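Thanks, everyone. I will go through one model today, from the whole chain down to a few residues. Please have the sequence and the structure open.

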Amino acid sequence: MGQGERARPGFRPAERLIDLANAVRATPDLPRAALVELLARHGESPGDLTEWAFTERDAGELRGAAVRIAAVLTETDTDRAAHALNGLLAACGARPRLSRHGGHPWHLHVDRGDDAGWGDWFLASSALALAQILTEYGRVPWGECAASGCTALYLGTGPGSARRFCSPACATRERVAAHRRRKKAEG
């Protein structure tokens, strides 16, 4: 979720996928402990994040899945994004089912089952969230920040026109830089 957007109560898989994809892009070998902290912030139960329930191997699978979902988040063409999401859903054996666990309310899962690996779970839930968002907006409302030097991914589902920047700070910095370039060119 970008700055300036309000948090909504409840389960927010789209925010989780953006946070995880950005974290892994920034630090490709993000330690297991950092992944645990991120997942806990997004509502995963402590029992599911122990060293035995979420192993180093699981952390590796999750990092790989985050890289794959980041590739979709950098796709700007709606048709290519839709095909990529369909491919991820198919690869994860997507069959919709309702699930309730860990104190969460009923929610939709599309992974292989409650024993799916962390990578499959993340890809399936992320692809489902992005597919729902794409169909709601009829376009790709996500992307990579257009500010020079920033590669943060964002989700632009707030009101107003389509976003190009991850935050108001990046948008302002880019506008100021463009203004200075124009002034310098004018002499």
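I start with contacts, where contact means heavy atoms within 4.5 Å. Of the contacts in the protein with a separation of 6 or more, 52% are between residues 24 or more positions apart.

Some housekeeping. This is a predicted model, in which local features need pLDDT of at least 70 and side-chain atom pairs count only at pLDDT 80 or more, while totals for chains, interfaces and linings use all residues. Residues are numbered from 1 along each chain as its sequence is written, and side-chain values use heavy atoms, with hydrogens and water left out.

Now the overall layout. There are six helices and four strands in the protein; both are DSSP runs numbered from the N terminus, helices being H or I with at least four residues and strands E with at least two. Along the sequence the order is α-α-α-α-β-β-α-β-β-α. The radius of gyration is 18 Å, close to the 16 Å of the globule rule for 187 residues, so the protein is as compact as a globular protein of that length. That radius is taken over C-alpha atoms, and the rule is 2.2 Å times the number of residues to the power 0.38. Taken along the principal axes, the C-alpha atoms fill a box of roughly 65 × 35 × 30 Å.

Next, surface and charge. The protein exposes about 10600 Å², and carbon and sulfur atoms supply 53% of that; the areas come from the Shrake-Rupley method with a 1.4 Å probe, and for residues only the protein chains shown count as cover. Buried residues are 42% of the 187, where buried means under 20% relative accessible area, exposed over 50%, and partly exposed in between, with a 1.4 Å probe and protein chains only. On the charge side we have 25 positive and 22 negative side chains, with the centres of the two sets 9 Å apart. Lys and Arg count as positive, Asp and Glu as negative, and His and the chain ends are not counted. Each charge is placed at NZ of Lys, CZ of Arg, CG of Asp or CD of Glu.

On to individual helices. Helix 1, residues 13-26, has 14 residues and reaches 20 Å from its first C-alpha to its last, close to the 20 Å expected at 1.5 Å a residue. The expected span is 1.5 Å times one less than the number of residues.

How far apart are the end C-alpha atoms of helix 5? They are 28 Å apart, which agrees with the 28 Å that its 20 residues, 118-137, should span. Helix 5 has 14 of its 20 residues buried, so it too is largely enclosed by the rest of the structure. Just after helix 5, Gly-138 has a positive phi of about 70°.

Trp-118 lies in helix 5 and is buried, at 11% relative accessible area. Setting aside neighbours within four places in sequence, its contacts include Leu-39, Leu-49, Phe-54 and Asp-58. Trp-118 and Asp-58 are 60 residues apart in sequence, yet 5.9 Å apart C-alpha to C-alpha.

Leu-49 is in the loop between helix 2 and helix 3 and is buried, at 6%. Among its contacts beyond four places in sequence are Val-36, Leu-39, Phe-54 and Trp-118.

Last, Ser-99 in strand 1, residues 97-99. Ser-99 is buried, at 4%, and its C-alpha is separated by 34 Å from that of Cys-145, 46 residues away along the chain.
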